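Please walk through this protein with me, one packing contact at a time. Keep the 3D view open while reading.

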Amino acid sequence: VYALISLSFGGAIGLMFLMLGCALPIYNQYWPLFVLFFYVLSPIPYCIARRLVDDTDAMSNACKELAIFLTTGIVVSAFGLPIVFARAHLIEWGACALVLTGNTVIFATILGFFLVFGSNDDFSWQQW
């Protein structure tokens, strides 16, 4: 229960930083909201790989490694997009810093979710 509460608190804090980077009157640009697509896309490859691959094999699995590679690419893209927007003068650098802070918190929350609920026990997210 405490893990779920702390994960939801982390998600709310990360989204708050993202919204501050968009909605503060000195920034007032909503281009950084495109990182929401990366938040949704980032767990998908790993979830698919966990469904397809059994964890009984002690050796490395190519499907799981491809999923981790794709997830890493999505996460790096989420950090790169605000920097590209700031370099192109679509957003201010302060908004970029707020979005990058929000990215760090959100991706740490997603990682925490997989660490807490990712084991193969009786109650896990894999049942859904």
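In this predicted model, helix 3 and helix 4 run roughly antiparallel to each other. Their axes cross at roughly 170° and come within 8 Å. An angle over 145 degrees counts as roughly antiparallel, so the label follows. Helix 3 covers residues 44-52, and helix 4 covers residues 62-87. From helix 3, the contact draws on Pro 45, Tyr 46, Ala 49 and Leu 52. Helix 4 answers with Cys 63, Lys 64, Ala 67, Ile 68, Leu 70, Thr 71 and Ile 74. By class, nine of these residues are nonpolar, one is polar and one is charged.

Step back to the whole chain. The protein has five helices and zero strands. Along the sequence this reads as α-α-α-α-α. Of the 128 residues, 32% count as buried. Among contacts between residues at least 6 apart in sequence, 63% join residues at least 24 apart.

Which residues form the largest nonpolar core? It has nine: Leu 18, Val 35, Phe 38, Tyr 39, Ile 74, Ala 78, Val 99, Ile 106 and Phe 107. Helix 2 (35-41), helix 4 and helix 5 each give two or more residues to this core. Ile 74 belongs to this core and also to the contact between helix 3 and helix 4. Another core lies apart from the largest one. It has seven residues, including Ala 86, Ala 95, Cys 96 and Leu 98.

Take Val 99 from the largest core. Leaving aside neighbours within four places in sequence, Val 99 is in contact with Leu 18, Gly 21, Pro 32, Val 35 and Pro 82.

Thr 109 lies in helix 5, which spans residues 93-117. Is Thr 109 buried or exposed? Its relative accessible area is 15%, and buried means under 20%, so Thr 109 is buried. Beyond neighbours within four places in sequence, Thr 109 is in contact with Leu 7, Gly 10 and Gly 11.

An unreviewed UniProt entry annotates residues 7-27, 33-53, 65-85 and 91-117 as "transmembrane region". Over residues 33-53 the chain is 76% helix and 0% strand. The end C-alpha atoms of that stretch are 33 Å apart. Residues 91-117 are 93% helix and 0% strand, with end C-alpha atoms 36 Å apart. Thr 109, in helix 5, falls within the annotated stretch 91-117.

Definitions and conventions
Residues numbered from 1 in each chain as written. Predicted model: local features only at pLDDT ≥ 70, side-chain atom pairs only at ≥ 80, totals over all residues. Heavy atoms only, no water. Axes fitted to C-alpha atoms, helices over the stretch in contact; angles between N-to-C directions. Helix = DSSP H or I, 4+ residues; strand = E, 2+ residues; numbered from the N terminus. Parallel < 35°, antiparallel > 145°, perpendicular 65-115°, else oblique. Contact = heavy atoms within 4.5 Å. Nonpolar A, V, L, I, M, F, W, Y, C, P; charged D, E, K, R; others polar. Buried < 20%, exposed > 50% of the residue type's maximum accessible area, 1.4 Å probe, protein only. Core = buried A, V, L, I, M, F, W, Y, C linked by side-chain atoms within 4.5 Å. UniProt positions renumbered as here; feature names shortened; annotations may be inferred.
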